[in-house]
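Here is a friendly tour of a protein model, written to be read with the structure open beside it.

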Amino acid sequence: MTKGDTIMKRTICFDGPVYDHLQYAKDENSVECQRIKKVLTDKIDTLIKEGECVFMSGVRRGIEMWTAEIVLEKMEVYPNVSLICVCPYEEQPTYWNENHRERYFTIHQLCTKLVMLNRHYENDSYQKLDNYLLEHCDTIVTLNSEESRMARKAAQMNKLILSID
C-alpha cells in the first residue's frame, strides 16, 4: 500500500435459510455442509483481502453461526477484522441443544461488540434483528438470494448483495 491509497471499510452481514430448513445443517460433517462452510470461508477471505471488515451476525443456528465462527478464526490473524453480534433477545438459545448453546455463548464472549435488542422474545424479534442488521451494514452476503426476504429488502435499500451458491 502506498501513501494516498485508501482502505475500503465495509460492514457485512450474512443471510441464509433458517437452520430448520437446511437439511445438511443437522450433520455439520456432511459433504454439503462442509462445501457451504468452505464457500463461506472463501467469501470471507475475499472480503478481508479487499479491506477492513466489520462483520455482523445475529448468530442464529446455521449460516450465521458458521460465519461468526469463521470470522472469529480470521480475527486471530487479521487485525482489520471485527465481529459485532446482534442478539434479538436475551433468551435466544434457551431451547437449543447444548452444543449450539455453548457455541453461541463462546461467540458472544469472543466478539468485538455485543448488541442486545430485547430482553424477552417478541413476535417480531427476528424481523427487528433483520432490520437492525440491514440498517447497519452496507453489504449482505446471502445464500439462496432469490428466496431471501432479507436480500429483497436489502435491494430496496440499495445495499450491495453478494450471492453465494
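## Ground rules

Helices (H or I, at least four residues) and strands (E, at least two) are DSSP runs, numbered from the N terminus. The model is predicted, so local features need pLDDT of at least 70 and side-chain atom pairs count only at pLDDT 80 or more, while totals for chains, interfaces and linings use all residues. Residues are numbered from 1 along each chain as its sequence is written, and side-chain values use heavy atoms, with hydrogens and water left out.

## Overall layout

The protein has 5 helices and 6 strands. Starting at the N terminus, the order of elements is β-α-β-α-β-α-β-α-β-α-β.

Of its 165 residues, 48% count as buried; here buried means under 20% relative accessible area, exposed over 50%, and partly exposed in between (1.4 Å probe, protein chains only). A contact means heavy atoms within 4.5 Å. Among contacts between residues at least 6 apart in sequence, 70% join residues at least 24 apart.

## Helix 1

Helix 1 covers residues 31-50, and its end C-alpha atoms lie 29 Å apart, which agrees with the 28 Å that its 20 residues should span at 1.5 Å a residue. The expected span of a helix is 1.5 Å times one less than its number of residues. Just after helix 1, G51 takes a positive phi of about 150°.

Which residues of helix 1 are buried? They are C33, I36, K37, L40, I44, D45, L47 and I48. An α-helix has 3.6 residues a turn, so residues three or four places apart point the same way. The partners of the buried residues of helix 1 are strand 1 (9-15), strand 2 (52-57), helix 2 (63-75), strand 3 (81-87), strand 5 (139-143) and strand 6 (160-164).

## Helix 2 and its two partners

Helix 2 has 13 residues and reaches 18 Å from its first C-alpha to its last, close to the 18 Å expected at 1.5 Å a residue. Helix 2 is mostly covered, with 10 of its 13 residues buried: I63, E64, M65, W66, T67, A68, I70, V71, L72 and K74.

Helix 1 packs on helix 2 at an angle of about 50°, with the axes 10 Å apart. Axes are lines fitted to C-alpha atoms, for helices over the stretch in contact, and angles run from 0 to 180 degrees between N-to-C directions. Helix 1 and helix 2 are therefore oblique to each other; angles under 35 degrees count as roughly parallel, over 145 as roughly antiparallel, 65 to 115 as roughly perpendicular and the rest as oblique. Their crossing is right-handed: a crossing is left-handed if the near helix is turned anticlockwise from the far one by less than a right angle, and right-handed if clockwise. From helix 1, C33, I36, K37, L40, T41, I44, D45 and I48 meet I63, W66, T67, I70, V71 and K74 of helix 2. By class, this contact has 9 nonpolar, 2 polar and 3 charged residues, where Ala, Val, Leu, Ile, Met, Phe, Trp, Tyr, Cys and Pro count as nonpolar, Asp, Glu, Lys and Arg as charged, and the others, Gly among them, as polar.

Helix 2 also packs with helix 3 (residues 98-110), at an angle of about 40° and with the axes 10 Å apart. Helix 2 passes helix 3 in a left-handed crossing. Here M65, W66, A68, E69, L72 and M75 of helix 2 meet H100, R103, Y104, I107 and L110 of helix 3. This contact divides into 8 nonpolar, 1 polar and 2 charged residues.

## Helices 4 and 5

Helix 4 (residues 125-136) and helix 5 (residues 149-156) pack at about 40°, their axes 11 Å apart. That makes helix 4 oblique to helix 5. D130, N131, L133 and L134 of helix 4 make the contact with R149, M150, K153 and A154 of helix 5. The contact has 4 nonpolar, 1 polar and 3 charged residues.

## Loop residues to look at

Most residues other than glycine have a negative phi, and most peptide bonds are trans. V59, in the loop between strand 2 and helix 2, has a positive phi near 55°. Is V59 buried or exposed? At 0% relative accessibility, V59 counts as buried.

N158, in the loop between helix 5 and strand 6, has a positive phi near 60°, and at 71% relative accessibility N158 counts as exposed. P79 lies in the loop between helix 2 and strand 3 and is exposed, with a relative accessible area of 82%.
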